[in-house]
Structure formats: C-alpha cells, structure tokens
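Please read the following report with the sequence and the structure open beside it.

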Amino acid sequence: MKIRELCCVSSREHEGSSCPSRSSTSSIHEYPWEIFTLKELLHATNHFHNNNKIGEGGFGAVYWGRTTAGGEIAVKRLKTMTSKAEMEFAVEVEVLGRVRHKNLLGLRGYYAGGNERLIVYDYMPNRSLAGNLHGRIGQEAPLNWRQRVRIALGSAAGIAYLHHEANPHIIHRDIKASNVLLDATFRPRVADFGFAKLIPDGVSHLTTRVKGTLGYLAPEYAMWGKVSESCDVYSFGILLLELVAGRRPIEKLPGGVKRDIVQWAMPFAERGRWEEIADPKLGGKVDAVQLRNVVIVALKCTDGCPENRPAMREVVGMLRAGLGARRKKEMAAVAEGEEEEEEEEEAMGVKEEKKKKVREEEEEEEEDPMMLSTADEHSAHYCIRENRSMIMR
Ligand SMILES: Nc1ncnc2c1ncn2[C@@H]1O[C@H](COP(=O)(O)OP(=O)(O)OP(=O)(O)O)[C@@H](O)[C@H]1O
Ligand SMILES: [Mg+2]
C-alpha cells in the first residue's frame, strides 16, 4: 500500500460520505476518514504562503487554510528533518486521530508523502490561550472570570480524558497556554497531545524550543527526564496560575534573576491575599471563593514531589467542587460549561458515587479549605521544590 493512500481527512462537511481509498488502519464505522490530497492542502493554504502562517512552534509552522468545501482548517507542516518514516508516522497519527473529546483538538487528517508531513486540524477562531492572556487581544478584550473558570474546567477535563480514558493512555508532555486553543465560543481545546510520538526517539522537542516550554516543566522531568502523568499535572498547575494571574510562567526580575509563577504566587497564598493573585485586567471582577480554590488546586498540582500531586481526574473534581455549592446559581453564565463537565464525568464513569465523594470533599474543604497534602520528603526520590504543606496554615 502506498503511503499516499493514507493521507486522509475527516471533515464535518464531509461526514458520512464514503472513502474509496480508506487506509487499512481506519474504519468507516469508527472514524470517517476521507482522502485529502497534497494538492488540496496546497490549494487551501495558498501553497503555504507566508500570509497564511498563523504561528510557529517546536515542530514546525501552522498555516490557516480553507478547503474547497469552504471549511476553515489549520495545517501544521512538520519540520521534515525530525519526521518519522512515512508508515510509522501514519500509524501514529491515526492512533491520535481516534482520540475524540470536546475539550481536545482532534486531528482531522494528515498527509505523509515524500518530505512532507502535514497534520490537519479544525481552525480555532479564538486562537490560543497564550494569545488571549499575553497578546494584544489579551490587552484589548481580556478573558473574563467566567471564561477563565470554564477554560480551567474544560482543559482539565480534556487532559483527564487523555490520562484516564484514552486507549492507549496519553501523556501530553507539553501542556502550556499556546497548546490550549479556543473555539468560537471560547471553549478550550487542548492541542498537540501525543506529539512526542510523532518525532523520532531521541530527537528532543525541547532542544528546539526550550524557552517557551521551560516554565511548565515538572522539576523531575526537567532534571532527570522522568516522564509520567504527574508531569502533565505539574504543567497544568502552572497553566492554572497563568490563567488566573495573567502572568507568564517565568519572569525575569531586574538583575536577570528568573522567578517562576509559583514562587511569585506563594507569598500571597501564604498570607491569604488571594485577590492579589488575580489578573489586574479583571478589574476585581472575580469570584473570591473560586479564585482561592483554583489557586489551591494549582499549588497542589505544582508540588515538588510528583507523588503528592493529584491525578487529573481529582483535579477535575476539585475544580468542580470549588465552584462552590452556594454559588451554583451565580454561575448561570457558565451553566453550559458545567453541564459539559457533568457529561464529561458521566463519560468518564464517575457517576453518583464520585459525585458524593466530591460533595464530601467539598464539605471537608469548607471546614479546612487550606488543607494541602503533606509530603513525605524521604519517600520521594524526585522531590525538588519545597512541598506545599507549609503554606496557608
Ligand atoms: N487549530 C488551530 N487553530 C488556530 N490556531 C492554531 C491552531 N493550531 C495552532 N494554532 C496557532 O499556531 C501557533 C503555533 O502553534 P504550534 O503548535 O506550532 O506551536 P506552539 O503551540 O507555540 O508550540 P508547540 O510546538 O510546543 O506546540 C499557536 O500558538 C496557535 O496560536
Ligand atoms: Mg502547539
């Protein structure tokens, strides 16, 4: 079978139509792939014209395009030097392409032929969370509190799905604000999951893009390359702080000293001065209870000891619980988001028992909202940063 026959796309406008040259690794019943030729992708992106370029990451450039059917797409053109053999690449992309969740940016299709490795996604009109927090748009029309809470919950649900539900389970390895994209309704879609599988073993993405990613790296990953789900949890904790504070994960202080966002937030958290952690661009329009909860969850996630960090499923539960039972009414505007999360939990098999547990946890947190897990420093080989049990007593 020629690899060219593996270049497919499943597009909304084409859903349900048949695929004459379907690859052997996909099934029409499970996943409607449709042929997408190189010619069509070249046409859609105006031959990868610079004007169509949306951005550039560690794996290559991303181009906006329009299909002949009129749909908007984003095409990631991988740097060929790091691409896997065509067949290996095709198989892995198809595995990733089967991962479907409303908070994940699924792959629509790809092309693998000659030196080209192209991955096709739906275009996300509100672009990345990074742009919305730190870019010009973030200054002109900052995300409001409700949008931020929805983004926190949704992206947590997407990552939890990768860790606990996807088959095989997927560790993202590159959770960061530029990999959280926002659709037309600002629903978050976590992108670029499983990308580590698309580049050959031994070729480090980090070597090409240390700067943008460094602030999100779990210490045990940065220092010893130890990868696990809890590395994603750490990165998500950083993302949460970034989301509520509107600050970058690492900042340079006068004199060149670098400070990460946890070091910045910790003194405020220790003194219970939560409101000082909130993004000034919110103008004080913040739910104080929710803010405190999100920060506490973020600090749990960024514990120096990986074994003290919660699982992503627990993170989802804590974030949901932290909406505050009494505040459910006030959250009418994010009702859609909450419903989604409930559906998510159903889909994740959480159901009643879990909900009961969450309610109990919520009550516990009401009594002692500052309680954080105590680290056993000696049991943790990979503990680097101080644990969080010292704070906020
Ligand atoms: N589907 C998409 N819709 C809209 N914009 C996108 C889409 N995919 C990527 N982008 C934009 O392109 C930019 C570059 O994305 P890319 O994934 O290549 O780099 P990155 O996220 O900064 O780093 P990394 O390579 O680690 O993922 C993103 O910041 C985002 O703004
Ligand atoms: Mg990306």
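## Overall make-up

The model described here is predicted. Its protein chain has 393 residues, of which 54% count as buried. The secondary structure comes to 14 helices and 11 strands.

Counting contacts between residues at least 6 apart in sequence, 67% join residues at least 24 apart.

## Helix 9 against helix 11

Two packed helices are described by the angle between their axes and the distance between the axes. Helix 9 covers residues 229-245 and helix 11 covers residues 288-301; their axes lie 7 Å apart, at an angle of about 150 degrees. Angles over 145 degrees count as roughly antiparallel, and helix 9 is therefore roughly antiparallel to helix 11. Their crossing is left-handed.

On the helix 9 side, the contact is made by Val233, Tyr234, Gly237, Leu240, Leu241 and Val244. Helix 11 contributes Leu291, Val294, Val295, Val297, Ala298 and Cys301. By class, this contact has 11 nonpolar residues, 1 polar residue and no charged residues.

Val233, Phe236 and Leu240 of helix 9 meet Met312, Val315 and Leu319 of helix 12. This contact has 6 nonpolar residues, with no polar and no charged ones.

Helix 11 and helix 12 have axes that come within 9 Å and cross at roughly 165 degrees, which makes helix 11 roughly antiparallel to helix 12. The crossing of this pair is right-handed. Asn293, Val294, Val297, Lys300 and Cys301 of helix 11 make the contact with Val315, Met318 and Leu319 of helix 12. By class, there are 6 nonpolar, 1 polar and 1 charged residues in this contact. Val315 and Leu319 of helix 12 also meet helix 9.

## Helix 10

How many of the 10 residues of helix 10 are buried? In this helix (residues 261-270) the number is 7, so helix 10 is largely enclosed by the rest of the structure. The buried residues are Ile261, Val262, Trp264, Ala265, Met266, Phe268 and Ala269.

The cover over these residues includes two helices already described, helix 9 and helix 11. It also includes strand 10 (250-252) and strand 11 (258-260).

## The magnesium site

Which protein donors does the magnesium ion (ligand 2) have? They are Asn179, through OD1, and Asp192, through OD, lying 1.9 to 2.0 Å from the ion. Asn179 is in the loop between helix 5 (145-165) and strand 8 (180-182). Asp192 is in the loop between strand 9 (188-190) and helix 6 (205-208). The pair therefore ties together parts that are 13 residues apart in sequence.

Arginine 187 sits in the loop between strand 8 and strand 9. Is arginine 187 buried or exposed? It is buried, with a relative accessible area of 18%. Lysine 102 is 85 residues from arginine 187 in sequence, and the C-alpha to C-alpha distance between the two is 8.7 Å.

Histidine 163 lies in helix 5 and is buried, at 2% relative accessibility. Leaving aside neighbours within four places in sequence, histidine 163 is in contact with His169, Ile170, Ile171, Glu229, Asp232 and Met312. Of these, Met312 also takes part in the contact of helix 12 with helix 9. The C-alpha atoms of histidine 163 and alanine 311 are separated by 8.7 Å, although the two residues are 148 apart along the chain.

Notes:
Residues are numbered from 1 along each chain as its sequence is written. Chains are lettered from A and ligands numbered from 1 in the order in which they are written. This is a predicted model: local features need pLDDT of at least 70, side-chain atom pairs count only at pLDDT 80 or more; totals for chains, interfaces and linings use all residues. Side-chain values use heavy atoms; hydrogens and water are left out. Axes are lines fitted to C-alpha atoms, for helices over the stretch in contact, and angles run from 0 to 180 degrees between N-to-C directions. Helices (H or I, at least four residues) and strands (E, at least two) are DSSP runs, numbered from the N terminus. Angles under 35 degrees count as roughly parallel, over 145 as roughly antiparallel, 65 to 115 as roughly perpendicular and the rest as oblique. A crossing is left-handed if the near helix is turned anticlockwise from the far one by less than a right angle, and right-handed if clockwise. Contact means heavy atoms within 4.5 Å. Ala, Val, Leu, Ile, Met, Phe, Trp, Tyr, Cys and Pro count as nonpolar, Asp, Glu, Lys and Arg as charged, and the others, Gly among them, as polar. Donors are N, O and S atoms within 2.8 Å of the metal (3.2 Å for Na, K and Ca); water is not among the atoms, so sites may look incomplete. Buried means under 20% relative accessible area, exposed over 50%, partly exposed in between (1.4 Å probe, protein chains only).
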